Amino acid sequence: MTQTTTKRVLLTGATGFLGQAVLERLLSSHDDIHVTAVIRPKGSLSGQARLKQLLRKPVFKTWRESVGKERAEGIFTERTSVLEGDLTGLASITEPFDVVVHSASTVSFDPPIDEAFKTNVGGAVGLYELLRATGQNPHVVHVSTCYVGGIAKGLRPEAPVDHSVDWDVEFQAAVRAADTAQVESRSPERLQSFIEKATSQFGKEGPKSVARAAEEARQAWVQERLVDHGRTRAQSLGWTDIYTFTKALGERVAEEKWAGAGHQLSIVRPAIIESALRYPFPGWIDGYKVADPLIMAYAKGALPEFPGLPDSVLDVIPVDFVVNAIVALVTQGHRAPSGELTEETDIDPQAAYYQVCSGASNPLPFHQMYENVREFFLAQPLEDSNGNPIAVPEWKFPANNAVERGLALKEKLAAAGGKLSAVLPATARTREWTNSLHRMQTGLGSLRTYVDLYQNYTRTEMIFDDTHTRRLDRALPESAPEDQHFDPRAIDWRDYWQNVHLPALTEMTRAYGRLKAASRKRESRPRGLKSGTDVVAIFDLEGTVVSGNIITQYAKLRRRELSPVQWPGEITELLGNAPTYVKAERRDRGEFIRAFLRRYEGVSVERVEELMNGSLGRAMEKSLRPGALQRIEEHRAAGHHTVLVTGSLDLLVSPIADLFDHVVAGRMEVTDGKLTGYLATPPLVDEARAQWLKRYAEENGFDLSRSYGYGDSVADASWLSQVGHAYAVNPDLPLYRRAKKSHWPIEDWRKPEPWPSTSTSSQRHRSV
């Protein structure tokens, strides 16, 4: 390769699926091109660092291996540079460019309306205004989509979209929509609804958790409002979604601000882009694309039916065909709609349109694609979590209303199940049922997304003309190799699905599965804890270390303290106050503890100590869970500092205090040797415990990121989230759901762990 630079290209969207492939093709197949990529910083990575990362991606693998790693790095460094920033925030463009390829856009069909407009319309405005300010006259290749025509039928020409929508008015309205939604979300009525919902779900975690959840709910409401606003506005003007609507307006910006100012403009409209047919290697793809979530949901048995039209044309095109068309325009120059090359000196050149698609020249009916997918996964099924092959369903393609009615009914049942799960007790059966419900809700959410978004592309009656695109392909030099061509008639659809795309998609899915499995393995507890004196292990008491709670603890104490005559009255009063205690517990753990511990008013301290040193203490020792004993031993053997933290009274935990290095418990005021019923300090629960833990770690030099926490209630979630290794032990259902979401291990300490302890039991523990 020579290093002669004769053509300078400005490329936007270089880190995206299409952009990185265009960059690779320009560098690997053309010696005389220098590329400047517009890349914004991301996190701690600069734009330059993000550009360098691209060379390590699979799209460059074939080229790296063909020229050698060092040579590829040298060429990449010499023939690329970065214009750092976002298109809407660039100050200026100072370098001269011969060609500009604008491929940056949002990749979502359903983003919030303001985000879609800022990226797809605002980005185009910023780019073309900056280019005009330079006085340059580069050939602009603007990447759009075939679906810019909106909801229509019949042949869609390679020509400007016929509409009268004012892009500037819509852009300003979209930006104002975000401000309006923010204001609406802060109305007293809405804020109160967010607070009430957050309190019902997170009240037991503490007031800060409630406030955080309420604010998250407000932000989610704003997001949902703006997504709905975008979808509805697009449909009201005849487009399927906000993506295609804003891409159409982005085209209009290019036509007005660039072609309208007398500059060369080529608009490339790809159909649904999928994996490469030939280059850089068959099946190359960078993440799931438009059709892939639908395909993989079907392969996993999650789509029993779908409301598509079996005889509609699914317009799919391999990514290398799109890349080759763009590169042909970069290297061959601008052409008039008639196909003739234009010169820079030509006055007022006409914009040219190229639809890189397959529907007109090599149509793929939806039923044919489905049959190929079904045949492939019948022969090579995916496996479920138990290693069993997944049987894919057979679609009958019912009318749209039938699928919609069935989906709506399932959504109602799932919502009812969610309300029921909030009040059920935590048992092995209810936890498994909660798991099943969560999986069903997740599946229904995905199905709703597919039905709402994808059916527009599987029920279309549009056919996209590709006459200009095939003529551009014929204009390539005779010496151009096959993998630089892009005539869709060369695609054998059965071969593409069976031998190229689906094998690549399946391997990518399995690779994701392996990564997730490895992540879960890392998250699970190692069988031998790493030693360290800067590690603290925090244990909750009731329901975690011992099987009882403060109610059963009180009942056992009073049963031994009261006479047989007094005991029935105590039980009757306790049961009568039960509803009050339950309500307090649901509202706030600290409120419940305060209310219940008032029952100790007048109890003799001496009598409590006597019982704890006698029969009641022995009962507590017997209630110790085997798994808890084993885990405590493991932590002590590893040199970890063990701490028991409880809202119960210090007097009531004395029998097991010597199992731990430190015990933090409630303390009650005493008058004349009797308990007053009033705690000396507020109970150390939920967020109070989290704050205590943070301070405790700072004062004692413990690294919370390496430390461990064990709790059984959702009230423990706030402090469990402070440690690097949080465990849900025989959790209630709310904590079970939180643990699943946060990937915390869930353990049953009612029996010993299946592997031997990492330490030798001490004589003290054996005596217990």
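Mentor: Leu294, Ile295, Tyr298, Phe366, Met369, Tyr370, Val373 and Trp395 line the second largest cavity. The model is predicted, so local features need pLDDT of at least 70, side-chain atom pairs count only at pLDDT 80 or more, and totals for chains, interfaces and linings use all residues. Residues are numbered from 1 along each chain as its sequence is written, and side-chain values use heavy atoms, with hydrogens and water left out.

Trainee: What makes a space a cavity, and which residues count as its lining?

Mentor: On a 1 Å grid over the protein atoms alone, a cavity is a set of points where a 1.4 Å probe fits but cannot get out, and lining residues have an atom within 4 Å of a point. Tyr298 and Trp395 are therefore among the lining residues here.

Trainee: How many residues of each class are in this lining?

Mentor: The lining has 8 nonpolar, no polar and no charged residues. Ala, Val, Leu, Ile, Met, Phe, Trp, Tyr, Cys and Pro count as nonpolar, Asp, Glu, Lys and Arg as charged, and the others, Gly among them, as polar. By contrast, the lining of the largest cavity has 5 nonpolar, 6 polar and 2 charged residues.

Trainee: Which residues lie nearest the centre of the largest cavity?

Mentor: They are Thr552, Gln553, Lys556, Met620 and Ser623, out of 13 lining residues.

How values were computed:
1 Å grid on protein atoms, 1.4 Å probe; cavity = no way out; pocket = protein on both sides within 12 Å on 5 of 7 lines; lining within 4 Å.
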